[in-house]
Each structure stands twice: as C-alpha cells, then as structure tokens.
Amino acid sequence: MYYTSMSTPIGELLLVAGGTGLTAIGFPAGKRVLSPDAAWERRSDALLRQTETQLSEYFAGIRREFDLPLAPTGTPFQLAVLEALQTIAYGGTCSYAYLARQIERPAAVRAVGAASGRNPLPIVIPCHRVIGSSGKLVGFGGGLETQRRLLTLEGSGQPLQHPLAGLER
C-alpha cells in the first residue's frame with residue numbers, strides 16, 4: 001500500500017492505493033479520520049496523481065464523475081451498498097431507506113447506514129449524498145459541515161474555496 005496527502009477546501013485528505021486501485025480516502029476530521037499505517041509507503045504514483053487531479057477538478061466545480069480504478073474492501077453486503085452509492089447522481093440525494101430498497105434489502109436500513117458509514121472512498125463513492133428520510137443531514141463520516149459543503153458544491157456548481165485562499169501569511 002502507498003499513500004499521499006492533498007490539500008483541499010475541506011482540509012487535508014489522505015489518499016491510499018494498492019496494486020489494483022484506490023483503496024481509501026481519509027478525512028482530516030470527523031468519524032473517518034485515517035492515519036498512515038507504518039507499513040505503507042509515502043509516494044505519489046500515476047494513480048494517486050490522477051486521483052489528486054480528479055479531486056481538484058471536483059472541488060473546482062468542473063468534474064461530476066470520477067474515472068478511477070477503485071479497490072474498496074468489505075463484506076458482500078457492504079460492497080453492494082458501495083455499488084448502490086455510486087448510482088446517486090451528482091447534485092442528487094437519497095435516503096438510507098431508498099438505498100436499502102435499491103439493493104433489495106428494504107428492512108436493512110440501519111445496516112445500509114452502517115455500511116455507508118464505513119465507505120472507504122468518500123467523495124469518489126458519494127456517501128455524502130445520502131441524507132435522512134426527514135431531509136436532514138445525518139451521520140456523515142467527515143462531519144456534517146463537510147457534508148453540507150460537498151452538497152452545496154454539487155447544488156451550486158460553484159467551486160469550493162480553500163479555507164486559506166486569499167489570506168496572507
């Protein structure tokens with residue numbers, strides 16, 4: 001496994017890849033903070049550079065879909081949820097109940113929520129587009145403010161500004 005980090009408008013993201021594709025994206029805050037494992041090598045190869053480019057385009061309001069080789073891990077149920085998450089269109093949202101119906105497990109709403117919460121590739125696999133049935137933001141691994149900012153970006157099409165943009169040091 002190898003990794004790099006990149007500065008984004010929502011903070012420093014940790015990007016992790018293996019031999020077959022991108023395996024993880026870690027947030028700087030929230031429930032899904034990810035730190036490099038001692039066995040990982042810090043380097044930026046073609047896949048990680050491509051990931052950085054596509055994420056930069058996304059944050060600039062240019063990219064709506066990602067075209068990256070992904071290698072998430074999980075149980076068959078978790079992988080089915082990750083696959084369903086990838087069908088949520090840019091700028092759209094849905095509920096956990098909707099996703100549960102999509103994977104033909106309508107009674108598994110809480111399990112779908114848990115699987116979505118363990119999404120190792122947030123943003124690229126858009127778990128931020130899942131909201132509560134009430135329409136409220138609930139339980140996003142990168143924090144609700146990050147989720148709000150991502151949904152605002154997708155709703156407005158306007159670039160997210162880096163928190164330090166325009167500030168003099």
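Strands here are DSSP runs of E, at least two residues, and helices are runs of H or I, at least four, all numbered from the N terminus. Quick housekeeping: this is a predicted model, where local features need pLDDT of at least 70 and side-chain atom pairs count only at pLDDT 80 or more, while totals for chains, interfaces and linings use all residues. Residues are numbered from 1 along each chain as its sequence is written, and side-chain values use heavy atoms, with hydrogens and water left out.

So, the sheet. S2 and S3 pair antiparallel over four bridges; pairing takes at least two DSSP bridges between the strands. Leu15 stands opposite Ile25 in S3. On to S1, residues 2–8, which runs antiparallel to S2, residues 11–17, with seven bridges joining them. Tyr3 has Val16 as its bridge partner in S2, and for Met6 the partner in S2 is Leu13.

Put together, you get an open sheet of four strands in the order S3-S2-S1-S4, with mixed pairing. S3 (22–26) and S4 (41–42) are at the edges with a single partner strand each, so one side of each has no neighbour in the sheet. Helix H1, residues 46–59, packs on the sheet and touches S1, S2 and S3, its direction making about 20 degrees with that of S1. That angle is between N-to-C directions, on a scale from 0 to 180 degrees, with axes fitted to C-alpha atoms, for helices over the stretch in contact.

How covered is S2? Six of its seven residues are buried, meaning under 20% relative accessible area with a 1.4 Å probe, protein chains only.

Now a residue in H1: Gln54. Gln54 counts as buried because its relative accessibility is 5%. Leaving out residues up to four places away in sequence, Gln54 touches Arg63, Phe66, Asp67 and Leu68, where contact is heavy atoms within 4.5 Å.

Last stop, the largest pocket, lined by 14 residues, with Glu65, Phe66, Gln86, Val124 and Pro126 nearest its centre. A pocket is an open set of points on a 1 Å grid over the protein atoms alone, where a 1.4 Å probe fits, with protein on both sides within 12 Å along at least five of seven lines; lining residues have an atom within 4 Å of a point.

Conventions. Buried < 20%, exposed > 50% of the residue type's maximum accessible area, 1.4 Å probe, protein only.
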